[in-house]
Amino acid sequence: QVQLVESGGGLVQAGGSLRLSCAASGRTFSIYVLGWFRQAPGKEREFVAAIDWSGGTTYYADSVKGRFTISRDNTGSTVYLQMNRLKPEDAAVYYCAGRSGRPPWDNRSVYIVGGYDYWGQGTQVTVSS
């Protein structure tokens with residue numbers, strides 16, 4: 001099994017920045033993609049960003065391109081989401097997600113909830129206008 005624990009959420013003013021972290025433990029060698037999703041009240045969980053096991057390929061939702069950056073440490077067990085120029089519409093609970101299954105894969109599956117096997121408990125991000 002894999003455990004994912006998020007941290008770094010909080011309250012920030014619009015235009016500000018936050019960095020989220022996700023620490024993976026357990027059978028981390030089975031994880032080939034780590035991603036971030038978010039869910040605002042009354043809305044479906046949506047894809048934000050993802051990074052593959054090598055750190056060489058990143059994926060972003062159009063709504064965050066140019067503002068958010070996903071990265072991972074050298075061990076591959078911690079993934080970060082640097083969020084800049086935050087907007088009120090970025091407010092949500094942010095979830096870390098892990099995907100097993102060796103490449104090659106259909107890239108479309110990286111962008112959907114069903115493409116991931118492991119989930120963290122989430123961390124709240126609040127953006128005040």
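Predicted model: local features only at pLDDT ≥ 70, side-chain atom pairs only at ≥ 80, totals over all residues.
The Cys 22–Cys 96 link is left-handed, with -80° about the S-S bond. Residues are numbered from 1 along each chain as its sequence is written, and side-chain values use heavy atoms, leaving out hydrogens and water.

**Disulfide**
- The count is one disulfide (a pair of cysteine sulfur atoms within 2.5 Å).
- The sulfur atoms of Cys 22 and Cys 96 are 2.1 Å apart.
- Cys 22 is buried at 0% relative accessibility (buried means under 20% relative accessible area, exposed over 50%, partly exposed in between; 1.4 Å probe, protein chains only).
- Cys 96 is also buried, at 0%.
- Strands are DSSP runs (E, at least two residues), numbered from the N terminus.

**Aromatic pairs**
- The structure holds six aromatic pairs (ring centres of Phe, Tyr and Trp, its six-membered ring, within 6.5 Å; planes under 30 degrees apart are stacked, over 60 edge-to-face, the rest tilted).
- Phe 37 and Tyr 116 pair edge-to-face, 5.1 Å centre to centre with 80° between the planes.
- Phe 37 sits in strand β4 (residues 31-39) and Tyr 116 in the loop between β9 (92-100) and β10 (118-119), 79 residues apart.
- Phe 37 is buried at 0% relative accessibility, and Tyr 116 is buried at 6%.
- Ring pairs join Phe 37, Phe 47, Tyr 59, Tyr 111, Tyr 116 and Trp 119 into a cluster.

**Charge over rings**
- The charged end of Arg 45 sits over the ring of Tyr 95, 3.7 Å from its centre (NZ of Lys or CZ of Arg within 6 Å of the ring centre and within 35 degrees of the ring normal).
- Arg 45 also lies over the face of Trp 119, 5.0 Å from the ring centre.

Terms used. Helix = DSSP H or I, 4+ residues; strand = E, 2+ residues; numbered from the N terminus.
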